[in-house]
Amino acid sequence: QVQLVQSGGGLVQAGNSLILSCGAPGRAFRSYSMGWFRQVSGKEREFVAAINWNGRNIDYADNVKGRFTISRDNARSTVYLHMNSLQPEDTAVYYCGADSTGQAAVRSFRLPLYYNYWGQGTQVTVSA
């Protein structure tokens, strides 16, 4: 069992920035693809960004491309989501996911079903 622990998030005004972090204990993290998703109450979990184990394969949703940056530090077993130029429509609960099986990297980074571990979620609220 892998426990992902998220930090960051909060309330910001539109145009500002936030950084989300997601950490997992152990060296196994280095082999995982990691993804960020977000969810608004009553809607499905939405893909935001993903990164493969060595950081060479990165994918972004079209609506965050150019504003958000995903990165990872395998020495610290942590993945980050730098969010710039935040807009009210970015308001959601953000979740990090880990794929320990390799399915996300092979099939699709964008589908939650390929991630088998999840963080606890963190609220991001952007005011107009």
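## A disulfide and its surroundings in a predicted model

C96 is buried, with a relative accessible area of 0%, where buried stands for under 20% relative accessible area, exposed for over 50% and partly exposed for what lies in between, computed with a 1.4 Å probe and protein chains only. The model is a predicted one, in which local features need pLDDT of at least 70 and side-chain atom pairs count only at pLDDT 80 or more, while totals for chains, interfaces and linings use all residues. Residues are numbered from 1 along each chain as its sequence is written, and side-chain values use heavy atoms, with hydrogens and water left out.

The partner of C96 is C22, and the sulfur atoms of the two lie 2.0 Å apart in a disulfide, a term that requires a pair of cysteine sulfur atoms within 2.5 Å. C22 is itself buried, again with a relative accessible area of 0%. The link of C22 and C96 is right-handed, with 60° about the S-S bond. This pair ties together distant parts of the chain, since C22 belongs to strand β3 (residues 18-23) and C96 to strand β9 (residues 92-99), 74 residues apart. By the rule stated above, the count for the model is one disulfide.

These two strands belong to a fold with one helix and eleven strands, where helices (H or I, at least four residues) and strands (E, at least two) are DSSP runs numbered from the N terminus. Read from the N terminus, the order of elements is β-β-β-β-β-β-β-β-β-α-β-β.

Another strand, β6 (residues 58-60), holds I58, which counts as partly exposed at 35% relative accessibility. Leaving aside neighbours within four places in sequence, I58 is in contact with A50, I51 and I70, contact being defined as heavy atoms within 4.5 Å. The C-alpha atoms of I58 and D73, which are 15 residues apart along the chain, are separated by 14 Å.

For the protein as a whole, among contacts between residues at least 6 apart in sequence, 57% join residues at least 24 apart. Of the 128 residues, 44% count as buried. The radius of gyration, taken over C-alpha atoms, is 13 Å, which agrees with the value near 14 Å that a compact globule of 128 residues would have, the globule rule being 2.2 Å times the number of residues to the power 0.38. Along its principal axes, the C-alpha trace spans about 40 × 25 × 25 Å.
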